[in-house]
Amino acid sequence: MKCEKCGAELKEGCVYCSVCGAEVQLVPEYNLLDEDLLGMIVQDGDKKAEELPSEEKKRKSRIPAFIIAGICMVILIMVPAILYVKEKNLQNYRNNSYDYQFEQGEISLDAEDFTNALAYFNRALELQPKDTAARKGILKVYLDMGEEANAVSILKELLAENPSDRESVEQLIAIYDRNEDYEQILALYEEVEHSEMTDLFAEYLVESPTFDKVSGTYSDLLEISILSEDGDDIYYTTDGTDPILNGALYQNSISLEEEGTTVIFAVARNKKGIYSGVANAIYTIRYEPPAMPSVAPPGGAYEEAQMITVDVPEDCTAYYTWDGSEPTANSARYTGPLEMPQGNQVLSVILINRRGLKSRVYRVNYVYMPQ
């Protein structure tokens with residue numbers, strides 16, 4: 001390297017020309033000294049050099065090579081050390097900064113670098129253990145990775161801390177629905193039943209069917225209709241067994257004719273295959289014999305001929321005798337008004353309904369003596 005002023009060859013490590021004393025223009029790779037202080041030192045050296053004789057200036061301007069070498073060595077040692085310390089401090093700051101960890105987690109998630117995203121969000125959660133945002137970041141990672149079991153655990157934690165967390169409920173429903181795990185959806189509904197989120201479960205709640213006749217005791221045959229408010233399929237049993245396991249598909253009304261008690265269990269099922277609660281009704285049929293027949297005119301003495309009528313209910317047949325014996329189904333059948341016979345006569349009448357049940361015998365005494 002040559003001096004820019006006089007062209008003399010410069011010795012390695014020199015900062016001043018050994019011939020003319022001109023300053024060598026060196027640009028250090030790292031500016032470790034304050035520029036203002038360095039300028040003051042240079043200016044002060046120039047002033048002192050001006051005050052000295054020219055020979056003295058030359059002598060003063062010469063800096064031993066070992067000093068320059070030492071300075072260079074110090075620089076070479078200090079710069080890496082300073083950079084190392086700065087890097088360590090930066091790493092320490094980043095590792096203990098919630099904001100940095102969370103931001104890096106989002107960046108990694110956007111880049112679909114799920115492994116690093118999970119590590120960053122977990123570190124953020126370590127720094128702020130109750131933080132909701134960090135857990136939701138972890139939740140996003142699990143959902144994007146398809147790890148639904150882990151996602152469910154996070155959502156349950158969030159919901160336990162905030163029972164009104166509508167977003168968590170929606171996400172849980174979505175996961176359960178994808179897996180057709182409707183029992184979990186209904187269990188979740190039980191947890192939030194008294195909140196303002198029940199509208200989220202509308203398509204999973206099935207109304208129990210209803211019966212068109214109330215439970216009770218009846219004296220006639222029954223036609224039972226089972227109804228679903230939403231038009232869902234209905235399954236039922238009449239033997240007291242579980243309609244979900246053993247039910248027949250309801251299509252037409254159920255006829256109950258035989259005496260005794262029948263328990264009907266019924267359940268509705270929607271298009272998702274979700275069953276309602278089981279509804280039941282208890283019907284007892286106890287057929288009563290017909291009431292004793294009504295006959296007119298009343299018994300008594302008559303001087304004029306009378307026509308005798310029997311009031312016969314629609315489902316009954318009347319039978320009668322005039323000789324005092326008890327009527328049976330083989331006796332004379334009443335088909336219309338009877339002419340009262342002369343003399344002292346006893347009319348006996350019974351009713352037999354279509355089920356063969358007989359009423360008590362009605363007896364009436366007529367005394368007909370025409371003048």
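In which sense do strand β5 and β6 pair, and over how many bridges? The two strands pair in the antiparallel sense, over two bridges. This and the other close-ups below show a predicted model.

**View 1. Strand β5 meets β6 in an open sheet of five strands.** Strand β5 covers residues 233–237. Its pairing with β6 is antiparallel. Tyr235 stands opposite Leu249 in β6. The sheet around them is open and has the order β2-β9-β8-β5-β6. Its pairing is mixed. β2 (216–218) stands at one edge and β6 (248–249) at the other. Each has a single partner strand, so one side of each is left without a neighbour in the sheet. As background, strands of a sheet pair through backbone hydrogen bonds, either parallel or antiparallel.

**View 2. A second open sheet has five strands in the order β11-β17-β16-β13-β14.** The pairing here is mixed. β11 (300–302) and β14 (332–333) are the edge strands, and each pairs on one side only. Strand β13 spans residues 316–321. Two bridges join β13 to β14, and the two run antiparallel. Look for Tyr320: this residue stands opposite Ala332 in β14.

**View 3. Helix α4 packs against helix α6.** α4 takes in residues 98–110, and α6 takes in residues 132–145. Their axes lie 11 Å apart. The angle between the helices is about 20°. That makes α4 roughly parallel to α6, because angles under 35 degrees count as roughly parallel. The crossing is left-handed. Which residues of α4 make the contact? They are Tyr98, Phe102 and Leu109. On the α6 side stand Ala133, Ala134, Lys140, Val141 and Asp144. By class, the contact of α4 with α6 has six nonpolar residues, no polar ones and two charged ones.

**View 4. Tyr98 and Phe102 form an aromatic pair within α4.** The two residues are four apart, about one turn of the helix. A pair of aromatic rings is described by the distance of the centres and the angle of the planes. For Tyr98 and Phe102, the ring centres are 5.8 Å apart. The ring planes stand at 20°, so the pair is stacked. The model has seven aromatic pairs by the rule used here. Both residues also belong to the contact of α4 with α6.

**View 5. Helix α5 crosses α6 at roughly 160°.** α5 runs over residues 114–127. Its axis and that of α6 come within 8 Å. The angle makes α5 roughly antiparallel to α6. α5 passes α6 in a left-handed crossing. From α5, the contact takes Phe114, Ala117, Leu118, Phe121, Asn122, Ala124 and Leu125. These meet Ala134, Arg135, Gly137, Ile138, Val141, Tyr142, Asp144 and Met145 in α6. Eleven residues of this contact of α5 with α6 are nonpolar, two are polar and two are charged.

**View 6. Glu112 has a positive phi in the loop between α4 and α5.** What is the phi of Glu112 near? The value is near 60°, in a residue other than glycine. Most residues other than glycine have a negative phi, and most peptide bonds are trans.

**View 7. Helices α8 and α9 pack at an angle of about 160°.** α8 covers residues 166–178, and α9 covers residues 182–192. The two axes are 8 Å apart. The helices are therefore roughly antiparallel to each other. α8 passes α9 in a left-handed crossing. α8 brings Val169, Leu172, Ile173, Tyr176 and Asp177 to the contact. α9 brings Tyr182, Gln184, Ile185, Leu188 and Val192. The contact of α8 with α9 divides into eight nonpolar residues, one polar and one charged.

**View 8. A cis peptide bond joins Ala296 and Pro297.** Its omega is about 0°. Where is Pro297? This residue sits in the loop between β10 (294–296) and β11. β11 is also an edge strand of the sheet in View 2.

How values were computed: Residues are numbered from 1 along each chain as its sequence is written. This is a predicted model: local features need pLDDT of at least 70, side-chain atom pairs count only at pLDDT 80 or more; totals for chains, interfaces and linings use all residues. Side-chain values use heavy atoms; hydrogens and water are left out. Axes are lines fitted to C-alpha atoms, for helices over the stretch in contact, and angles run from 0 to 180 degrees between N-to-C directions. Angles under 35 degrees count as roughly parallel, over 145 as roughly antiparallel, 65 to 115 as roughly perpendicular and the rest as oblique. A crossing is left-handed if the near helix is turned anticlockwise from the far one by less than a right angle, and right-handed if clockwise. Contact means heavy atoms within 4.5 Å. Ala, Val, Leu, Ile, Met, Phe, Trp, Tyr, Cys and Pro count as nonpolar, Asp, Glu, Lys and Arg as charged, and the others, Gly among them, as polar. Two strands pair if DSSP finds at least two bridges between them. Rings of Phe, Tyr and Trp (its six-membered ring) pair if their centres lie within 6.5 Å; planes under 30 degrees apart count as stacked, over 60 as edge-to-face and the rest as tilted.
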